[in-house]
Every structure is written in C-alpha cells, then in structure tokens.
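Please read the points below with the model open beside you, and look up each residue as it comes up.

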Amino acid sequence: MSAGQIICFGELLLRLAAPGRELLMQSGRFDVEVGGAEANVAVALACLGHASALISIVPDNALGRGAVAAVRSRGVDCSRVSFGDGRMGLYFLSPGSGMRPSEVIYDRTASAFADAPADAFDWPSLLTGAARLHVSGITAALGPNAAQAAIDAVTFARSAGIPVSFDCNYRSKLWERWTSDPRATLSTLIAAADMLFGNHRDVSLLLDKPFDGNDPDGRRRAAEAAFGTFPGLRYIASTAREVQTSDRHALSARIDTPAQGHETDAVVVDGIVDRIGAGDAFAAGILHGLHCGQDLQGIAASGLALACLKHTLPGDASLFGRADIALFHAGALDVRR
C-alpha cells in the first residue's frame, strides 16, 4: 500500500431523496444523506483502511458543519475542508422502481463550492503528503471557477509527481447550465492523469468519434484510442451495465493498460436498494486494488465487488471493508453468526 493520503477534491453535498419508492413531493418528506462523488470515494477508501482526505468548501452553517462531521465520522481527514459564505449544494432524488428509472434534480448553482474563486485553493499546501489526487468531471461541470480549480489542482499534482486519478462522470445537466466546452476541459484534466475512469461513451465524447461498447473487443478499442490520445495514462477502468429493470442490473468491470486489458464476467445485481454512488464505489475499489499492489485481475475484481455491494446499501457512499469484499468473492450469502 502506498504511503500518504489519497486526497479527493470536490463538492460535499446533501442528498434529499423521496422516502421509499415515492415520487418527489408525493408526501412532502425527504430522507437526507451526505454525498458527492469525491466525498463518496474518500469515505469508501477510509472504510477499506486507506488514509483518505477531502478538499472542499462548505457554508459555515449547520448544514455545512453537519455534512463535514458525517464524512469525518467515517474516518476521512476533513482538515482541508474550509468554511465560507454561500449555500450548501443539494440534489434531489426520486428512487426508481421496476420499470421506472431513478431521477436526479440538481440544485448546486451558486453554492459555496461552485462560486469559490479558483485561487481559494493553495495546492502546494493542500496536497502535502498526498499519495494520489482524485478528481471528477462533476467538479469541472459546476462552472468556470470550479473547472479552473480542478485544472490547477491536477496541473500542480502532475508537476509535483503526485499520481492523479480522474473520473469523467459526465453530467450533461450540469455542463449545459453554463457556456462550457466539456471536451476541451475534460481533455485538459485527463492529460494530467495516470488513471482514467471512463467507458467507451466517455472516449467517444472526448475524441468526437463513435465507439461500439457492446462487447469486450469494442471496449478495448476505445481504451486503445484513449491511450493513444493521452500518453500519460497508465490505466483505464470502466464498467459495463445492462439495465434490465430499475431493480435488476447485470454489471461487469474491466481495467486496461496500454499493453493489455482484463474484463470480469458479468454479475447480476438483483433487488437493488440504491444505485446512486455505485460508480464512486467502483472507483474506490479500483484504487484500493491498485494501491494494494494487486494484478489487473485482482484490481478489476475489487472494483466490481465494491460496486455490486454498494447497490445493497442506502445512501451515497460504500461503507464496506476488506472482509466484505472477500466474502463477496467467496459467495458467502448466508447469515453471519
């Protein structure tokens, strides 16, 4: 395992979800969870025994302080989270059921994080002791300030020899809210990364070229094209998901290097409790395997296990440990006594 912390940079959010399988505003009640892609990765890594930290800005009020306390309680170092003016970023979730998909409504405009100037972050200080920096495209999609902050972060990390993992996490609803150029911004961020989380659709967006992701060969061709465009990449990790109903998906995972790739068999995930955050759990599982020195097969298996397990848990973040991954691989489904 690498020494130092895996430091995640992004917005800490509150999730307001309709209870049970209700529609939004059906009963006028919400279940509140703390979330955010990068915070989810930091929490999942901490639960797996890694030293993780979060860099963010939240409002100096009960919402911001409560969100930070929740993440800290999971073992994440929150000493780099600062408090400022503005509002808390929110998103609303209507959980899917059967033939009805889940729906997300963002309420993140003018949040304390999104409106923070890019120079509010002192990267040489904030990244001291970092074994890795993890960033996602969601941060860049929030607006010009957040996009520039993300670019500054990965640029400094690369110059300092700190590995960078980047999750495309393309969110069209966020990019379309401002005069943005997703392809150019994402390409700048990926150029500084050694690890990319992204599938054939992300590669198609980046290269403005269609790729068929219906089979492993097509997914490998997309990865090879990304490696050719971004020579700093050492790994590309992705999942393939077949949505049968909102409650039943088939999921496989793969990891590619410039020389080779490995894809797992698909696992049917049935009786889904909460899909949100599964991609972040996958990223954490991949980083776990990478930082523990696993081979490609082990890394992909760790990512798949944590992603599948996350579907069984309400809330945004995976709270599973290494023993849970081992039991998943062993197929141990009986009651643990």
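Which residue's side chain does a polar contact join to the side chain of Arg-108?

1. The model is predicted, so local features are described only at pLDDT of at least 70 and side-chain atom pairs only at pLDDT 80 or more, while totals for chains, interfaces and linings use all residues. Residues are numbered from 1 along each chain as its sequence is written, and side-chain values use heavy atoms, with hydrogens and water left out.

2. The side chain in question is that of Glu-11, and the polar contact with Arg-108 is 3.1 Å. A polar contact is a pair of N or O atoms within 3.5 Å; within protein, one must be able to donate a hydrogen and the other to accept it, and residues adjacent in sequence count only if both atoms are side-chain atoms. Arg-108 lies in the loop between E7 and helix H3 (123–126), where helices (H or I, at least four residues) and strands (E, at least two) are DSSP runs, numbered from the N terminus. With a relative accessible area of 7%, Arg-108 is buried; buried means under 20% relative accessible area, exposed over 50%, and partly exposed in between (1.4 Å probe, protein chains only). Leaving aside neighbours within four places in sequence, the residues in contact with Arg-108 include Leu-13, Gly-89 and Leu-174, contact meaning heavy atoms within 4.5 Å.

3. Four strands form an open sheet with mixed pairing, in the order E3-E2-E6-E7, and two strands pair if DSSP finds at least two bridges between them. Strand E3 (31–35) and strand E7 (103–107) are the edge strands, each pairing on one side only. Five bridges join strand E6 (residues 89–94) to E7 in the antiparallel sense, and there Tyr-91 stands opposite Tyr-106.

4. E10 and strand E11 (residues 235–245) run parallel and are joined by three bridges, with Met-195 having Tyr-235 as its bridge partner in E11. E11 also pairs with strand E12 (residues 248–256), in the antiparallel sense and over nine bridges, and the hairpin that joins E11 to E12 passes through two residues. Across this pairing, Ala-237 stands opposite Ile-255 in E12.

5. In helix H2 (residues 62–72), the residues Gly-64, Ala-67, Val-68 and Val-71 are buried. They lie on the same side of H2, because they cover an arc of only 95 degrees around the axis, the arc being that of the directions from the helix axis to the C-beta atoms. An α-helix has 3.6 residues a turn, so residues three or four places apart point the same way. Among the elements that cover the buried residues of H2 are strand E2 (13–17), helix H1 (37–47) and strand E5 (81–84). At the N-terminal end, Asn-61 caps H2, with a side-chain oxygen 3.0 Å from the backbone nitrogen of Leu-63.

6. The whole structure holds eight aromatic pairs: rings of Phe, Tyr and Trp (its six-membered ring) pair if their centres lie within 6.5 Å, and planes under 30 degrees apart count as stacked, over 60 as edge-to-face and the rest as tilted. Phe-197 and Phe-282 have ring centres 6.2 Å apart and planes at 80 degrees, so this pair is edge-to-face. The pair links distant parts of the chain, with Phe-197 in strand E10 (residues 195–197) and Phe-282 in helix H10 (residues 278–291), 85 residues apart. Phe-197 is buried at a relative accessible area of 3%, and Phe-282 is buried at 5%.
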